[in-house]
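Opening the notebook on a new model.

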Amino acid sequence: MEPSVPPALLAEPDAAAAAEVMQGLASPARIRILARLLHAPCSVGELAGELGLGQPAVSNHLRLLRHLDLVTGRREGRSVVYALHDAHVADLLRQVLAHVHHGGPA
């Protein structure tokens, strides 16, 4: 039987994992990449072109986002097509953007 933990307490490993994800989101470029992937999967080249970022920078951002399980990549021919990892990531991003548009910090 699991010990009863008051709902207000968060275990240190869970807090550390959440903080790592939040640090990964602490980049306007990564937020823009995730927001673009909300609409449809795409390649590094497409992301770079649409967002006005260099391909090496986009690749570095995607590497971190993959490490944090925020995006996935699947090979299609010679390129990799990236997508949001799952509906949880889409929901998280939508909630953050809704908060910003509701009058959160600018």
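**Overall make-up**

I started with burial: 29% of the 106 residues in the protein chain are buried (buried is under 20% relative accessible area, exposed over 50%, partly exposed in between, with a 1.4 Å probe and protein chains only). This is a predicted model, where local features need pLDDT of at least 70 and side-chain atom pairs count only at pLDDT 80 or more, while totals for chains, interfaces and linings use all residues. Residues are numbered from 1 along each chain as its sequence is written, and side-chain values use heavy atoms, with hydrogens and water left out.

Next I looked up the elements and found 5 helices and 3 strands in the protein chain. Both are DSSP runs numbered from the N terminus: helices are H or I with at least four residues, strands E with at least two. From the N terminus on, the order reads α-α-β-α-α-β-β-α.

**Strands**

Why is strand β3 largely enclosed by the rest of the structure? I found 5 of the 6 residues of β3 (residues 79–84) buried, so the strand is largely enclosed.

I then went through its pairings (two strands pair if DSSP finds at least two bridges between them). Strand β1 (residues 42–43) runs antiparallel to β3, with 2 bridges joining them. Strand β2 (residues 71–76) is also antiparallel to β3, and here I get 6 bridges. Tyr-82 of β3 turns up in both lists: it is the bridge partner of Cys-42 and of Gly-73.

**Two helix residues**

His-61 sits in helix α4 (residues 55–67). Is His-61 buried or exposed? It is buried, at 16% relative accessible area. Leaving out residues up to four places away in sequence, I list Ser-27, Ala-29, Arg-30 and Ile-33 as touching His-61.

Val-96 belongs to helix α5 (residues 87–101) and is partly exposed, at 35% relative accessible area. With Leu-92 and Val-100, Val-96 forms a nonpolar surface patch of about 200 Å² accessible area together. Patch members have over 30% relative accessible area and no salt bridge; like charges are joined within 9 Å, nonpolar side chains (Val, Leu, Ile, Met, Phe, Trp, Tyr) within 5 Å. A salt bridge is a side-chain nitrogen of Lys or Arg within 4 Å of a carboxyl oxygen of Asp or Glu.

Definitions and conventions
Contact means heavy atoms within 4.5 Å. Accessible areas come from the Shrake-Rupley method with a 1.4 Å probe; for residues, only the protein chains shown count as cover.
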